[in-house]
Amino acid sequence: MAWHVSVYVTLKPSVMDPQGATVQRALNQMGYTHVTGVRVGKFTELEFDGSLSEMDVKKQADEICDKLLANPNTESYRFTVEKK
Amino acid sequence: MSSSIMDVEVTPKVVKEHGLKPEEYDHIVKILGRKPNITELGLYSVMWSEHCGYKHSRALLKTLPTKGDKVLQGPGENAGIMDIGEGWAVAFKVESHNHPSAIEPYQGAATGVGGILRDIFTMGARPVANLNSLRFGPLTDPKVKRLFAGVVHGIADYGNCMGIPTVAGEVVFDDSYSENCLVNAMSVGLLKHDQIIRGKATGVGNAVIYIGATTGRDGIHGATFASTEITDESTEKRSAVQVADPFMEKLLMEATLELIHGDLLVGIQDMGAAGLTCSTCEMASRGGAGIEIDVAKVPQREKGMTPYEILLSESQERMLLVAKPGCEQKVHDVLAKWDLHAATIGVVTDTGRMIVKENGKLVADVPADSLTEAPVYHPAKSEPAILKEYKKFDEATVAVPKDLNEVLEKLMADPTIASKRWVYRQYDHMVRSNTLIRPGSDAAVIRVKGTQLGLAMTIDGLGSYCALDPYEGAKIVVAEAARNIACSGAQAIGMTDCLNFGNPEKPEVYYYFDRVIAGLGDACRAFGIPITGGNVSLYNENPTGAIDPTPIVGMMGLFQNVENRVTQWFKKEGDFIYLLGEIGQSIGGSRYLKVTHGKKTGLCPTLNLETELKLHKSLKALAESHLIQSAHDCSDGGFAVALAESCFTGVTHEAQVLGATVTLLGTGRVDARLFGEAQSRVIVSVKPSDAVKFEEIVKKNGVPVERIGVVGGAEMVIGSEVKLPVVKLADLFFTSIEKTMAL
C-alpha cells in the first residue's frame, strides 16, 4: 500500500502570467480563436509509503507545498491524495 | 470586493490605513473644499507617500548641486541627461527596489530592473548598460542565500532577455541589512540631443494613450508599501508582488523609441510606482495642463476592477503617452506593429485638474498639482549617542595579529571583498558588443559606436563608514566612485544617487540623513560633479533598528578617446609598482577590523577633497599620455588587498596571475599599514622606460608618490610581513562566494 499525491500549483488569479498570455496569443494565431484565457501551472506527483495515515500524508503534503513546491508570494496550490 | 470598495466610507480608520496623517487628510479636505471619496483618498495616499512625494527628504535634496554646463536634464524627470559631445547625450539613473525584493527576491529585483530601464527609454534614450548595487545580511544565513540567489537571478533574467549588458555592480554582506536587503538598479542609455523627450502633457485636446501590458490587481499600494517598515505582517501583504515580463518590455522599448524618434509624441511617462495615477497627474502638472481619463477604456486583465484599483495598480511594463495633434492614428499603427495593447483613454485639458471617469460617470476630480506637491516635512533630528562611542574607540586595545598572511587570506575570502564572479557570470555583460572593460575592474567601460567616445561607469556605497561618520562617509562614497572612474582613465561628469535610510521620523535616522546629504553635496561641489537625479528609499529597518545609512552613488565618466582606458591588473613582469597617496595609519572603520576582530567601530577614514581632486587629475593625465599600465584604488581591505587584486584579472575564468614584490612603507602598527583604509590612494604599474615621465606628471600635480616594487614572480611579497603564492590568493578571491553558495 502506498499514497499517491497529485499537486497542482498555479499562479494566483491576480498575478500576471506572461507564459500563459504567450500561449494564448499563439493559440489564437493558430486559429483557435475561441480560447479566451490560458494560465500555465505546474503539476507534481509525490509518492508516500503506506506507513503514514491519510491525515499525516495531507499534513506533510501541505507543508511540502508551502515550503518548496509553491511560492506563496505568487502561487496557490491544491492536491489530491489517493491510495494505491 | 469589486463593488464594495466604491461604497467604503472615508473614516479616520480608512485614512490611517492609507498611510495618511490626520493633518494631511485635513489638508486634502481644504484643497478640495469637500471630503474626498475613497478613490480620491487613494490618489493622495500614493502620491503623498514618501516613495512618490519625497515629503521627508525634499527639503534637503534641494541643497544638492544639480547644475553644470553638460547637464541637459536635471532631477525631476524620469532620468537625468548629460551632454557627452558630438551630438550625443547619456541618460542615467539609479533607483531602489528594496522592499519588493525583500518579499519576493526574483520578481522584486527583475521588476526593479524593468522600472529603471523604462525611466531611461522614456527619455528617448536606448539603454546600453545596467549596473546594480546589492546589500544583504551575512551570507552564511540560509535565508540570505535564498534572497541573494533570487535577486541575482532576477536581475540576470531581465537584463539578459532585454539584450542589455549588466556591466558593473557591487555586493555587500553585513548584519545591518538582515531582513532588509537593498536592491538598487541603475541603467544608462544613449541618445542624440534632438531625441530628448519629457514626461509632460500639453496641447488641449491631444489624445492620452495607454500602451503596454494589461492592468491587473497586482501591486496595489506598492508605493505606500515601500514607505512603511517591513514587518511580519507586511510579509503577508502579498498582493504587492508584481511579475516581470521582459519580453513585453522589449516590445515596449522598441515601440517607444520608434514613436519618439518618429516625432509623434508631445510627452511620455512610464507607469511605475503609483501606476496610472502618478503618470497622469505628473504629466499634467509638468505641462501646466489638466488631464481627463476614463478608466473603463484601460485594457484590463481581470474582471470587475474598480476605478480605485485601476488607478492604483502597479502592473508592470506600461506607459502613458500624449500624441501630437493628428498623430494619434500613426501612434496606434506603430503600436499594432509591435503587438502592443494600446488605447486612447483620455485627453489633455486646460483646467489643471485630474478628472477620472468610469463610463462617463465622474469618480475623481482633483487639482493635478496638488497630487504632485506633497507636504514638505522638516523632521526633528538628534545626534545618535553611539557616534560619540565610536570616536572613543582606542585602537591600542586591538592586538596586532602574528600571522598576517592568514589575515590577508581571510580578507580575500570575505564575501564583501571577494570577487563577485559568481554574480556577474550570470549576467550577459557583452551583449551589444560595446563593453570594453567588463566587470571586475574599478569601473566598467563601454564605447559609443561610431565615435572615439567612451563611457566609464561605476556604482558604489559605503554604509559602514556612514554609520560611523555620516558626513565623512558620504564624502568618501562620492570620492571613491569618482576615483574608480579616474582609475579607468575617464573624467567623472555626473552622478545619480539612491539614498537608503531607515525611518526618517526617528530623529537619529534623520540626523544621519541630514549629514549624509551635506557630505554628498560638499564632495560633488568640490569635484564639480552635478547630481542629475536619483531616488530615496526610506523606512529600511532590520529587526534591531535602522539599516546603516547607505547612500549609493552611480558615477558616469567620459572618455574623449576610449583608447585611453586603463584596467586595474598588472600587465607585464618587470613593470614598476608605485603607490600614489599615503600609507595607512589607522584601522578605524576598516573591513579588517570587522572581519578579523569582529568590531565595527572607530573613526572612519577622513578625506581631503583637494588631495583627492589632485589624484583624479593626475590619473587622467597619466591615462591620456599612456604612462600607466594599470591603476587600482585601495578600498575595502586597504593596501594589501588592493595589491593582491592587481595581481590577477577579474575577467577570465582561469585567472591570469602576475606576482609582485614590494616594500611596506611607513612606520607604526603594521596591520594599519597593510589593511587600513586611508583614502586617496591608488596602486599603479608603470613601464620602466616611462618611469621618469610618470614621476614628473605626478609630482607636478602635487600627489605623494613612492616607487614600492616590481611586478613579477609567482608570489605576492610585501616587505617581511606578507608572502603568499598569487594562485592561492586568486583561488580564495574567486571561489569564496561560489563555495559558500554551494553549501
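**Figure 1. Lys250(B) in helix α10 of chain B.** At 29% relative accessibility, Lys250(B) counts as partly exposed, a class that lies between buried (under 20% relative accessible area) and exposed (over 50%), found with a 1.4 Å probe on protein chains only. The helix that holds Lys250(B) spans residues 246-261 of chain B. Helices (H or I, at least four residues) and strands (E, at least two) are DSSP runs, numbered from the N terminus. Gly114(B) is 136 residues away from Lys250(B) along the chain, and the C-alpha atoms of the two are separated by 9.7 Å. This is a predicted model, in which local features need pLDDT of at least 70 and side-chain atom pairs count only at pLDDT 80 or more, while totals for chains, interfaces and linings use all residues. Residues are numbered from 1 along each chain as its sequence is written, chains are lettered from A and ligands numbered from 1 in the order in which they are written, and side-chain values use heavy atoms, with hydrogens and water left out.

Figure 2. Asp365(B) has a relative accessible area of 18%, so it counts as buried. Its side chain is joined to that of Arg353(B) by a polar contact of 2.5 Å. A polar contact is a pair of N or O atoms within 3.5 Å; within protein, one must be able to donate a hydrogen and the other to accept it, and residues adjacent in sequence count only if both atoms are side-chain atoms. With neighbours within four places in sequence left aside, Asp365(B) is in contact (heavy atoms within 4.5 Å) with Leu32(B), Arg34(B), Glu40(B), Arg353(B), Met354(B) and Ile355(B).

**Figure 3. The aromatic pair Phe148(B) and Trp422(B).** Over all chains, the structure holds 14 aromatic pairs. In this one, the ring centres of Phe148(B) and Trp422(B) are 5.0 Å apart and the planes stand at 35°, so the pair is tilted. The pair links distant parts of the chain, with Phe148(B) in helix α8 (residues 142-162) and Trp422(B) in helix α17 (residues 421-424) of chain B, 274 residues apart. Rings of Phe, Tyr and Trp (its six-membered ring) pair if their centres lie within 6.5 Å; planes under 30 degrees apart count as stacked, over 60 as edge-to-face and the rest as tilted. Phe148(B) and Trp422(B) are both buried. Together with Phe136(B) and Phe173(B), they form one aromatic cluster.

**Figure 4. The open sheet β1-β2-β3-β6-β4-β5 of chain B.** This sheet has six strands with mixed pairing. Its edge strands are β1 (71-73) and β5 (166-173), each of which pairs on one side only. Two strands pair if DSSP finds at least two bridges between them. The twist averages 20° from one strand to the next. Strand β4 (residues 126-136) pairs with strand β6 (residues 182-192) of chain B in the antiparallel sense over nine bridges; the bridge partner of Arg126(B) in β6(B) is Leu190(B). With β5(B), β4(B) pairs in the parallel sense over seven bridges, and Arg135(B) stands opposite Val172(B) in β5(B). Ten of the eleven residues of β4(B) are buried, so this strand is largely enclosed by the rest of the structure. Helix α8(B) lies across β4, β5 and β6 of chain B and runs at about 180° to β4(B). Axes are lines fitted to C-alpha atoms, for helices over the stretch in contact, and angles run from 0 to 180 degrees between N-to-C directions.

**Figure 5. The open sheet β14-β15-β16-β21-β17-β18 of chain B.** Six strands form this sheet, and the pairing is mixed. At the edges stand β14 (435-437) and β18 (531-537), each with a single partner strand, so one side of each is left without a neighbour in the sheet. Neighbouring strands are turned by 25° against each other on average, direction ignored. Helix α20 (residues 507-527) packs on the sheet and touches β17 (491-500), β18 and β21 of chain B; its direction makes about 175° with that of β17(B).

**Figure 6. Phe576(B) and Arg707(B).** Arg707(B) lies over the face of Phe576(B), at 3.6 Å from the ring centre. A charge sits over a ring if NZ of Lys or CZ of Arg is within 6 Å of the ring centre and within 35 degrees of the ring normal. Strands β22 (residues 576-580) and β26 (residues 705-711) of chain B pair in the antiparallel sense over five bridges, and Phe576(B) stands opposite Val710(B) in β26(B).
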